[in-house]
Each structure stands twice: as C-alpha cells, then as structure tokens.
Amino acid sequence: MNTEDAMKNLTAHDPETRSADILAENIETCKELTKDYVDVITYVVADSKQFLKDFEEPIDFLYLDSFDSCTGQIELAQEHCLRETMNAYPKLREKSIILIDDFRKSMPQAGKGHKSVAFLEKRGWKLLTEEPQALLIKK
C-alpha cells in the first residue's frame, strides 16, 4: 500500500490527510500520484519524526513508509520507524489503525517495523497482518 492506495480506500470517510516527506521531489511525486485527492491531502516537506512530534491533532490512521530498509541500513531504518511511532503515539486514539510498510515478522533482521511493532504490542496493540506490512489495532 502507498498513499495513492490508501486514499482510494479512505476517501469515502472524508479524511483529513497529511503526507510528509523530507525530500521535496518525493512530495512532488506523491502529488502527481494522488492528484485526484488533492482537496483532502496536505503535503508537507519535513522530517517525518519531527512532523509527528509537532503534530497536535488526533491520528485515526497512521501509515509509516519512510526510510527504506536497505542492506546495511536495517538498524537505522528500524530506529527511524520507532522514533516516528513514539512521536505519533500520544496522538493515537482507541480505534486508531496503524500500518507499517516493509515488515516481515519471520525476518526480524529485515524490514523497518520490528522495533515499532514490539513497542506497540507492549502497549496493548494487536498485530493483524505480518507480511509485507504490519497492520495493528488496539486490543
């Protein structure tokens, strides 16, 4: 799933959506891919960790897909995703849904979501899907 796919599924719910990326060219690509939803998406060029820390509104659906976990950068990707999760956590609600890209429970050394999933599970979140993305809800 990506922002375009998410918007196809969420549009019926009249979402207020923010898409943040540290690279302006990635935001421009996102704008092109989601041009049919431009009226409900706010595009932000910002570090995702800082964006989520500063964000003050409740979050109903959190989709984390930054910092690809390439060979040699797995630990950095996992730490980045964990920091995003921790910064967003106070804004999550009882019925929030979290989707984390690049996750394979059977391969903890691969993918960026392992530390985030562990963090969330310790706080009562339930992992519903394990590959290729982690889908979590509050138990």
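1. Start with the buried face of α4: Ile74, Ala77, Gln78, His80, Cys81, Leu82, Glu84, Thr85, Asn87 and Ala88 are its buried residues. Buried here is under 20% relative accessible area, exposed is over 50%, and partly exposed is in between (1.4 Å probe, protein chains only). Those α4 residues pack against α3 (48-54), β3 (59-64), β4 and α5, with contact taken as heavy atoms within 4.5 Å.

2. Before you go further: this is a predicted model, in which local features need pLDDT of at least 70 and side-chain atom pairs count only at pLDDT 80 or more, while totals for chains, interfaces and linings use all residues. Residues are numbered from 1 along each chain as its sequence is written, and side-chain values use heavy atoms, with hydrogens and water left out.

3. On the overall layout, the chain has five helices and six strands, in the order α-β-α-β-α-β-α-β-α-β-β along the sequence. Helices (H or I, at least four residues) and strands (E, at least two) are DSSP runs, numbered from the N terminus. Of the 139 residues in the chain, 39% are buried. Among contacts with a separation of 6 or more, 65% are between residues 24 or more positions apart.

4. Back to α4 for its geometry. The helix has 15 residues and spans 21 Å from first C-alpha to last, close to the 21 Å expected at 1.5 Å a residue. That expected span is 1.5 Å times one less than the number of residues.

5. Leu64 is worth a click. Leu64 sits in strand β3 and is buried, with a relative accessible area of 3%. Leaving aside neighbours within four places in sequence, Leu64 is in contact with Leu52, Cys81, Glu84, Thr85, Leu99, Ile100, Asp101 and Lys112. One of these, Ile100, is 36 residues away from Leu64 in sequence, with 4.8 Å from C-alpha to C-alpha.

6. Now the rings. There are two aromatic pairs in the structure; rings of Phe, Tyr and Trp (its six-membered ring) pair if their centres lie within 6.5 Å, and planes under 30 degrees apart count as stacked, over 60 as edge-to-face and the rest as tilted. Phe51 and Phe55 make a tilted pair, 5.5 Å centre to centre with 35° between the planes. Phe51 counts as buried at 19% relative accessibility, and Phe55 counts as buried at 14%.

7. The other pair is Tyr89 with Phe119: their ring centres are 5.5 Å apart and their planes at 85°, so the pair is edge-to-face. Tyr89 lies in the loop between α4 (74-88) and β4 (92-100) and Phe119 in helix α5 (residues 114-121), so the pair ties together parts that are 30 residues apart in sequence. Tyr89 is partly exposed at 24% relative accessible area, whereas Phe119 is buried at 14%. The charged end of Arg123 also sits over the Phe119 ring, 3.7 Å from its centre (the criterion: NZ of Lys or CZ of Arg within 6 Å of the ring centre and within 35 degrees of the ring normal).

8. At the end of the pattern, β5 (residues 125-129) and β6 (residues 134-138) pair in the antiparallel sense over four bridges, where pairing requires that DSSP finds at least two bridges between the strands. The two strands form a hairpin with four residues between them. Trp125 has Lys138 in β6 as its bridge partner.

9. Last, the cysteines. Cys30 is buried at 10% relative accessible area, and Cys81 is buried at 1%. The disulfide count is zero, with a disulfide defined as a pair of cysteine sulfur atoms within 2.5 Å.
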